[in-house]
There are 2 protein chains.
Amino acid sequence: MGTKLLALLDGTLADPALPIVRADDEGVTRGDGIFEALLVVDAQPRDLDAHLARFAVSADKLELPAPDEAGFRRATDALLEAWNWKADREAVLRFFWTRGPEGTSEPNAWAIIAPLDEALRRQRSAGVRVMLLDRGFEPVPVENQPWLLPGAKSLSYAVNMAAKRYARERGAEDVVFYSPSGRLLEGPTCSVVLDIDGVLHTPPFEAILRSITVQTLFQQAPAEGLDVQFSVLDRSDFERCRGAWLLSSTRVLTRITHVDGHPLPASLLDSTLKRMLGVPSR
Amino acid sequence: MGTKLLALLDGTLADPALPIVRADDEGVTRGDGIFEALLVVDAQPRDLDAHLARFAVSADKLELPAPDEAGFRRATDALLEAWNWKADREAVLRFFWTRGPEGTSEPNAWAIIAPLDEALRRQRSAGVRVMLLDRGFEPVPVENQPWLLPGAKSLSYAVNMAAKRYARERGAEDVVFYSPSGRLLEGPTCSVVLDIDGVLHTPPFEAILRSITVQTLFQQAPAEGLDVQFSVLDRSDFERCRGAWLLSSTRVLTRITHVDGHPLPASLLDSTLKRMLGVPSR
């Protein structure tokens with residue numbers, strides 16, 4: 001399996017074991033920065049332009065300077081060149097852009113390439129047990145409250161990480177969040193799609209991240225004769241669905257096998273979606 | 001004015017300009033870690049034991065290893081020794097404890113001493129204009145949803161920072177959050193206290209940080225003949241109060257002069273509170 005590599009925006013590689021972030025960088029003191037994560041298969045990054053575009057949107061939401069796109073492309077080139085694609089066909093590429101040291105206006109930036117998490121890879125074929133957890137807020141009106149950073153991929157992911165730990169300690173492997181009124185939202189690091197009577201439904205991009213994988217699903221579904229819709233979904237919709245999935249750039253597509261311990265059927269659309277979205281085979 | 005100093009837990013000083021955080025430390029990649037901030041006046045740290053105790057509570061909420069208390073005390077001693085107390089009588093001491101580099105179980109830790117923010121110092125005498133902003137969640141039932149990390153002082157402060165920016169761009173200097181139903185909560189980096197008919201009221205510690213300054217207020221009020229209560233407060237209570245304050249360890253006590261542009265009266269209790277809580281004079 002490949003080894004984690006680090007690149008700076010001038011295109012040079014650095015040893016990941018050497019610190020590059022100051023103790024007073026607001027990226028670490030305040031989680032004040034943004035990131036992106038995308039999949040690379042056989043040295044081909046997937047949806048690089050879309051991820052760089054969303055990265056710029058996140059920067060705008062946090063009122064950070066626009067990310068140095070040319071620099072992130074240089075770092076990407078260096079990492080793709082250095083990765084051992086024969087040893088590991090798949091890798092996860094991440095971009096980071098922080099507000100920088102306190103009192104400066106100098107963002108800190110870097111890119112990392114690393115092996116895909118082994119659990120995520122296994123779940124692509126084995127499926128995933130999820131736990132439903134209340135996210136504490138309603139998607140409306142949060143969508144119109146910019147200070148809550150709806151849809152920004154910020155570095156402040158402590159709650160997302162805590163929710164995943166909470167689920168893992170209780171026999172699940174991942175989480176789908178719902179709102180206090182029961183509306184389905186997203187997972188800590190993924191989106192959710194349900195097959196209801198043969199139609200694919202996913203929550204609207206109101207207060208949640210604009211999933212690039214979900215956007216790909218919308219683009220490619222018509223050619224496959226599939227119907228995809230943004231729908232207000234309730235947590236009880238899991239009880240009547242024919243199947244459901246977690247989607248993200250790195251896992252691509254993972255079937256949900258259980259929700260709060262109750263088994264979910266396997267949708268007839270599973271293999272079509274796997275092929276359509278290009279779930280890598282080992 | 002003093003210059004920022006950095007110490008490691010072995011008690012050695014390091015140059016703050018030299019990076020000490022790895023690019024894959026979950027403190028920065030996920031805002032996954034905790035911090036504390038306290039005031040030091042004339043080389044005397046205020047409520048150090050209480051801050052270390054709350055630090056340990058935050059670690060527990062995030063399921064981090066318990067902070068190395070002896071190490072943080074060593075770092076504190078080194079910083080207090082190195083600070084130029086003649087040049088600057090007041091300083092802010094902060095502790096950081098992150099989950100550490102991905103795949104390790106080795107928290108990263110450091111302490112910083114730095115001058116008190118000039119705006120906070122000025123506001124102690126001039127007061128502060130605040131804007132009320134919806135925090136998106138109700139304190140109940142969040143208090144019983146541990147995956148939402150209620151009351152933990154985590155590094156994931158991007159929303160707090162965004163709210164302060166939002167207010168500053170609209171003529172205010174700080175924020176008081178309320179819940180969707182209108183319940184007052186806290187500020188992004190402070191607590192709020194209202195004088196209603198001569199009694200001091202502050203929101204219960206349900207889903208908000210257990211303020212050490214508010215705890216001090218409760219301890220010292222009886223000797224001054226003051227009545228302090230935890231109360232469910234509504235945002236409309238600002239319209240009937242005799243005055244209100246922001247409290248935190250570093251600012252100590254700051255009178256709110258305006259709420260959403262409307263002037264607030266100056267409470268008759270202001271000077272008593274200033275003396276009681278020990279607001280430093282310049």
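## Size of the interface

About 4300 Å² is buried between chain A and chain B, with 58% of it on carbon and sulfur atoms; buried area here is the accessible area (1.4 Å probe) lost by two parts on being put together, summed over both. This is a predicted model, where local features need pLDDT of at least 70 and side-chain atom pairs count only at pLDDT 80 or more, while totals for chains, interfaces and linings use all residues. Residues are numbered from 1 along each chain as its sequence is written, chains are lettered from A in the order in which they are written, and side-chain values use heavy atoms, without hydrogens and water.

## How the copies relate

Turn chain A by 180° with a shift of 0.0 Å along the axis, and chain A lands on chain B with an RMSD of 0.0 Å (least squares on C-alpha atoms of residues with pLDDT of at least 70 in both copies). That's the relation of a two-fold axis.

Chain A puts 51 residues into the contact and chain B puts in 51 residues, contact meaning heavy atoms within 4.5 Å. Since 100% of chain A's interface residues are also interface residues in chain B, the copies meet through the same surface.

## What holds hands across it

Eight salt bridges turn up across the interface of chain A and chain B (a side-chain nitrogen of Lys or Arg within 4 Å of a carboxyl oxygen of Asp or Glu). One of them pairs A:Arg165 with B:Asp32, whose closest N and O atoms are 3.7 Å apart.

On chain A's side, α6(A) gives the largest share, seven residues.

Key:
Helix = DSSP H or I, 4+ residues; strand = E, 2+ residues; numbered from the N terminus.
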